Amino acid sequence: MREDLKRIREAAVEAMQQADSIDSLNELKVRFLGKKGELTTILKGMGALSDEERPLMGQMANEVRDEINRVLDARMEELRQAVLNAKLASETIDVTLPGRALARGTKHPLTLVIDEAKQIFMGLGFEVAEGPEIESDYYNFEALNLPKDHPARDMQDTFYINPEIVLRTQTSPVQVRTMEKKAGELPVKIICPGKVYRKDDDATHSPMFHQIEGLVIDEHITMSDLKGVLLAFTQQMFGKDVKIRLRPSYFPFTEPSTEVDISCVMCGGTGCRVCSNTGWLEILGAGMVHPNVLRAGGYDPEKVSGFAFGMGVERIAMLKYGINDLRLMYENDMRFLRQF
Ligand code: PHE
């Protein structure tokens, strides 16, 4: 019997230590310690022993059972730990994965032109002014010498919020707003880049586009100041060889008024498709500030004079960068935008 217990103990310890799953370990537990297990079977034979041997065998059987239980528990713990580790390993989330890179954009050609124009005019001593895109009829038309029944309003039909509030059709309302802010101070020397709106929509007109307004007021300002400033601007924007030409025109808020052309940047003035073989490209409207506009802004036309101009930013961008379709500027197509 002593030999049997020893054999069971060795067999159980070895088998349990080699068990490689919780299930097989549980099977071994039943096989060795269960009601019909090997140890129990031996204990059942104890009745046949002598009175001296029985307690000794009983004690030895207890020790064997305790030993097997210890090994069983230890191995069970090892296997549980292994199962847990495997689960943790398989469910690991690598939080150090790199994020998706955001492609860096480029400046829009309209922004590039506005930025460059600001630099040029600031270099000439201008300040940058601003005004609202939702504008009153008064500042957009009335104060600019365009009363309610004026026929020139037809050229600038726009979006009416109500009969007195419009989306501004031009940046010119900033002229009177600036004069009011300056309250008679001299000189006034501002540019104002911004969005404007008109009821137009075709290949060369967009219902929203950009202008840069300019306004200079001081004593003794003349048309030659206007021409000098515009020549300095166009030559910095388009190149030293560019010439300008002033043609008589009409705007209700300037008198005299002029349309300003630059020599064609595509052909240099010899004539091509872009300039319709004239050698010239129209880029802006300008003129000497009308006395009524000066008065609306609180300045005395007997004491001061001024000039104003307004240019289309889209047109300048198209000429500067050789863009042949206005709509490209609003489509947000990366193939277009990446070229700037
Ligand atoms: N506001 C005019 C336009 O949009 C341009 C302009 C500005 C003309 C200033 C003269 C003086 O057509």
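Predicted model: local features only at pLDDT ≥ 70, side-chain atom pairs only at ≥ 80, totals over all residues.
Good morning, colleagues. Helix H1 covers residues 2-18 and helix H2 covers residues 22-33; their axes come within 10 Å and cross at roughly 170 degrees. Because angles over 145 degrees count as roughly antiparallel, H1 is roughly antiparallel to H2. On the H1 side, the contact is made by Ile8, Ala11, Ala12, Ala15 and Met16, and on the H2 side by Leu25, Leu28, Lys29 and Phe32.

H2 has a further partner. Helix H4, residues 53-90, packs with H2 at an angle of about 170 degrees, the two axes being 10 Å apart. H2 is therefore roughly antiparallel to H4 as well. Here Ile22, Leu25, Asn26, Lys29 and Leu33 of H2 meet a series of H4 residues, including Arg65, Ile68, Leu72, Met76, Leu79 and Val83.

Let us look at one residue of this region. Leu28 is found in helix H2. Is Leu28 buried or exposed? Its relative accessible area is 11%, so Leu28 is buried. Setting aside neighbours within four places in sequence, Leu28 is in contact with Ala15, Met16, Ala19 and Leu33. For a sense of distance, Leu28 and Met329 are separated by 301 residues in sequence and by 79 Å in space, from C-alpha to C-alpha.

I turn next to helix H5. This helix has 15 residues, 109-123, and at 1.5 Å a residue it should span 21 Å; the C-alpha atoms at its ends are 21 Å apart, so the two values agree. Its buried residues are Pro109, Leu110, Val113, Ile114, Ala117, Ile120 and Phe121. Where do these residues lie around the axis of H5? Viewed down that axis they fall within an arc of 135 degrees, so they line one face of the helix. Gln119 and Gly123, on the other side of H5, are exposed.

What do the buried residues of H5 pack against? The partners are strands S5 (188-197), S6 (208-218) and S10 (305-312), together with helices H8 (223-238), H10 (313-321) and H11 (334-337). Just after H5 comes Gly125, with a positive phi of about 90 degrees.

Helix H10, one of those partners, has its own set of buried residues: Val313, Glu314, Ile316, Ala317, Met318 and Leu319. Their cover includes H5, S6, H8, S10 and strand S9, residues 280-289. Just after H10, Gly322 takes a positive phi of about 65 degrees.

One more helix deserves mention. Helix H7, residues 173-182, is mostly covered, as 7 of its 10 residues are buried. Those residues are Pro173, Val174, Gln175, Val176, Thr178, Met179 and Lys182. H7 is followed by Ala183, which has a positive phi near 50 degrees.

I now move to the loop between helix H6 (137-140) and strand S3 (160-162), where Gln156 lies. With a relative accessibility of 11%, Gln156 counts as buried. Its side chain makes a polar contact, at 3.4 Å, with the side chain of Gln170. Beyond its neighbours within four places in sequence, Gln156 is in contact with Phe141, Thr169, Gln170 and Arg198.

Asn145 also lies in the loop between H6 and S3. At 19% relative accessibility, Asn145 counts as buried, because the cut-off is 20%. The side chain of Asn145 reaches the backbone oxygen of Pro252 at 2.9 Å. Apart from neighbours within four places in sequence, the contacts of Asn145 are His150, Pro252, His290, Asn292 and Val293.

Finally, some remarks on the backbone. Most residues other than glycine have a negative phi, and most peptide bonds are trans. Against that background, Asn145 has a positive phi, near 70 degrees. Ser276 likewise has a positive phi, near 50 degrees. Ser276 is placed in the loop between S8 and S9, and with a relative accessible area of 58% it is exposed.

Which peptide bonds are cis? One runs from Leu186 to Pro187, with omega near -10 degrees; Pro187 is found in the loop between H7 and S5. Another joins Glu255 and Pro256, with omega about -5 degrees; Pro256 is in strand S8, residues 254-263.

Thank you for your attention.

Conventions:
Residues numbered from 1 in each chain as written. Heavy atoms only, no water. Helix = DSSP H or I, 4+ residues; strand = E, 2+ residues; numbered from the N terminus. Buried < 20%, exposed > 50% of the residue type's maximum accessible area, 1.4 Å probe, protein only. Polar contact = N/O pair within 3.5 Å; in protein donor to acceptor, adjacent residues only side chain to side chain. Contact = heavy atoms within 4.5 Å. Expected span 1.5 Å × (residues − 1). Arc of directions from axis to C-beta. Axes fitted to C-alpha atoms, helices over the stretch in contact; angles between N-to-C directions. Parallel < 35°, antiparallel > 145°, perpendicular 65-115°, else oblique.
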